[in-house]
Amino acid sequence: MSTATAAIGRGVARRFSLDRRYLPVLGTVIVFLLMLLIGGLRYENFLSPAVISNLFINNAHLIVLAAGMTFVILTGGIDLSVGAVLALSSVITATMLQAGISLAIVLPVALLSGAAIGLGMGVMIQYFDVQPFVATLAGMFLARGLCFIFAPESVPIRHEGFISLTNWGLSAGRWRLTAAVVIALLVVAGSWWVLHRTRFGRTVYAVGGGEQSATLMGLRVARTKVLVYVISGTCASLAGILFAMFSRSGYALTGVGMELDAIAAVVIGGTLLVGGMGFVLGSVVGVLVLGLIQTLITFEGTLSSWWTKIVIGVLLLVFVILQRVLSLRRT
């Protein structure tokens, strides 16, 4: 009788035990909720609809960057070019609109610029066996250099159609969603569907879990590794358009260091740097954590903005250590 009871108990425990894959994401969600709780208790109006809405509005471009970066890191790669590609896309958008070119032409050209750079980096990595760090570093220098060729100075955007798109939004009381936020959420939804409901998404996870094993299973490893960089580049160029909507300008020095923010958001969101485990929704929560840190420091008023980097660094170290522990247990 005791043996049967013990077996039933083990079965129940297994049924209700939490999969280790979800532990980093759960940790991120708990950190986010604790920050909301602390802010709500400490500061008046911290949890107001306006503050929460601005958290999404101010970070819409970073959400799109992190979504694209999630694909790359899931395969065990890295993309250092996204900040420069974001700047390039914003500069292309601003200069072409200033020249009087139709918005229907400008937006696809801006998106294709990032996709082309991502394709070039993916080909270098897969077919020329260049390390992702080196290939994407080259892509970063290329994109940043092209920015200064297109426009060495800031270019304001006064195109009526673009400004109308920027001003569009959904409101319900004090809650507000801009066009940029809606686009960012659609990108996240599409990324989730691709990663969890398609053969390509399953291949992305398989490549990150073990490239040789994925090859032996007959999966299209080469195509997948190239396509994740195309996706990352396209997301970066879309983020550049969203940032241009936010700032109503294009500037060559936009996005300096933003690739590090995207990587930090993805890692804090629970995606393993070695690949094979992670969730795009976790990356979104990671972005919101970064934004909430800045919001808390702004409400405090007496702290230097550099505390944002310090807190992000501490969180990043904690989550990297957690990832290392989970990787060792999985091994």
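A pocket, on a 1 Å grid over the protein atoms alone, is an open set of points with protein on both sides within 12 Å along at least five of seven lines, and its lining residues have an atom within 4 Å of a point. This is a predicted model, in which local features need pLDDT of at least 70 and side-chain atom pairs count only at pLDDT 80 or more, while totals for chains, interfaces and linings use all residues. Residues are numbered from 1 along each chain as its sequence is written, and side-chain values use heavy atoms, with hydrogens and water left out.

**View 1. The largest pocket and its lining.** The largest pocket has a volume of about 600 Å³, a volume being the space filled by probe spheres set on the grid points, which are joined across faces, edges and corners. Its lining consists of 24 residues, and those nearest the centre are Asn59, Leu290, Gly291, Gln294 and Thr308. Among the elements that give two or more residues to this lining are helix H3 (49-57), helix H12 (221-247) and helix H15 (306-330), where helices are DSSP runs (H or I, at least four residues) numbered from the N terminus. Helix H14 gives the most to the lining, with 6 residues.

**View 2. The salt bridge between arginine 42 and glutamate 300.** The structure holds 2 salt bridges, a salt bridge being a side-chain nitrogen of Lys or Arg within 4 Å of a carboxyl oxygen of Asp or Glu. In one of them, the side chains of arginine 42 and glutamate 300 meet at 3.0 Å, N to O. Because arginine 42 lies in helix H2 and glutamate 300 in helix H14, the pair ties together parts that are 258 residues apart in sequence. Arginine 42 counts as exposed, at 53% relative accessibility, whereas glutamate 300 is partly exposed, with a relative accessible area of 23%; here buried means under 20% relative accessible area, exposed over 50%, and partly exposed in between (1.4 Å probe, protein chains only).

**View 3. The salt bridge between glutamate 211 and lysine 225.** The closest N and O atoms of glutamate 211 and lysine 225 are 3.3 Å apart. Glutamate 211 lies in helix H11 (residues 211-216) and lysine 225 in helix H12, so this pair ties together parts that are 14 residues apart in sequence. Glutamate 211 is partly exposed, at 34%, while lysine 225 counts as buried, at 15% relative accessibility.

**View 4. Tryptophan 168 in a loop.** Tryptophan 168 is found in the loop between helix H8 (160-167) and strand E2 (169-172), a strand being a DSSP run (E) of at least two residues. With a relative accessible area of 41%, tryptophan 168 is partly exposed.

Note on methods. 1 Å grid on protein atoms, 1.4 Å probe; cavity = no way out; pocket = protein on both sides within 12 Å on 5 of 7 lines; lining within 4 Å.
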